[in-house]
Amino acid sequence: MFDLHRLRLLRELKHRGTLAAVASALSYSPSSVSQQLSLLETEVGVPLLEPVGRRVRLTPQAEILVAHTEAVLARLERAEADIATSLSGLTGTLRIASFQTAALALVPAALSLLRAEHPALRVHVTQAEPETALPALLARDFDLVIAEEYPGEPSARLVELHQEDLRQDPLRLALPALPDEAAPRTGGARSALLACAERPWVMEPPGSAARRWATTLCRTAGFEPDVRFESTDLLLHLRLVEQGHAVALLPDLVWGDREPSVRLVPLPRGRRARRLFTAVRTGRSTHPAIVACRRALRQAAGPAEG
């Protein structure tokens, strides 16, 4: 019978990529991780790692072992969920990762609901973009991730993850509040975009789903955006629009319960909203802490406004 601890180290290597990353995540030394994986190779009787330059990669046999390890760990998480369900109150720690606007607009209200209903539950929140948070969820760094999906940029539906919708979050063209003949209030969504063809834009960095969506939106309208400012911080986007330095594409979640401070124009149909959702590992989806957190987040999110 294979040692589960060593199997988990092999799984960690698949998700984290290097022995050093595994050692850092688990507070081991790289030599200790390497030694344990060598012992696992002896147990299995076949090579599990092969050198690639200065790094190593998993052999096909190692990939088979990791797939079975995932199934075992998922079953153990279901067992943990069943035990937690049998208890009268929620305890322990729930680790959440959220992107910025959800962390500002949804998480505080959800935390208040959780604190009122489950005061013994400790919640740890980290701000992280979905591109890094979802792989970290698979690596078991988080228990729940609040993520976003832009129109035409669907996220991968991995069998290891269970997704649940939160709401649709409308996206709008954001313009300085001062009157501006270059961006008329009438003429339709495409005309409003075209009127901004010569304006400076602020967008998220290249490679992000939001940037790909925004670039495609502008190109479909008939122009290449002049992107002069790049940041993942949507509050910086907002400030640049407020001060008249740029135009932007902002989600309604930016406002929370505040009145907009800039002029907002609807976008063309079919490109008007991003999908907000939560993701957890499949084996943990029935854990009462996960169920309670998702319920609190749905209450905090409320219905989307068109």
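I began with Tyr150, which is buried at a relative accessible area of 5%; buried means under 20%, exposed over 50% and partly exposed in between, with a 1.4 Å probe and protein chains only. I kept in mind that this is a predicted model, where local features need pLDDT of at least 70, side-chain atom pairs count only at pLDDT 80 or more, and totals for chains, interfaces and linings use all residues. Residues are numbered from 1 along each chain as its sequence is written, and side-chain values use heavy atoms, leaving out hydrogens and water.

Next I asked how many aromatic pairs the structure holds. I found 2; rings of Phe, Tyr and Trp (its six-membered ring) pair if their centres lie within 6.5 Å, with planes under 30 degrees apart counted as stacked, over 60 as edge-to-face and the rest as tilted.

Tyr150 and Trp213 form a tilted pair, with ring centres 5.3 Å apart and planes at 40°. I noted that this pair links distant parts of the chain, 63 residues apart. Trp213 is buried too, at 2%.

Trp201 and Phe223 are also tilted, with centres 6.1 Å apart and planes at 35°. They sit 22 residues apart in the chain. I read a relative accessible area of 0% for Trp201 and 8% for Phe223, so both count as buried.

Last, I checked Arg275 and saw that it lies over the face of Phe277, 4.3 Å from the ring centre (the criterion is NZ of Lys or CZ of Arg within 6 Å of the ring centre and within 35 degrees of the ring normal).

How values were computed
Helix = DSSP H or I, 4+ residues; strand = E, 2+ residues; numbered from the N terminus.
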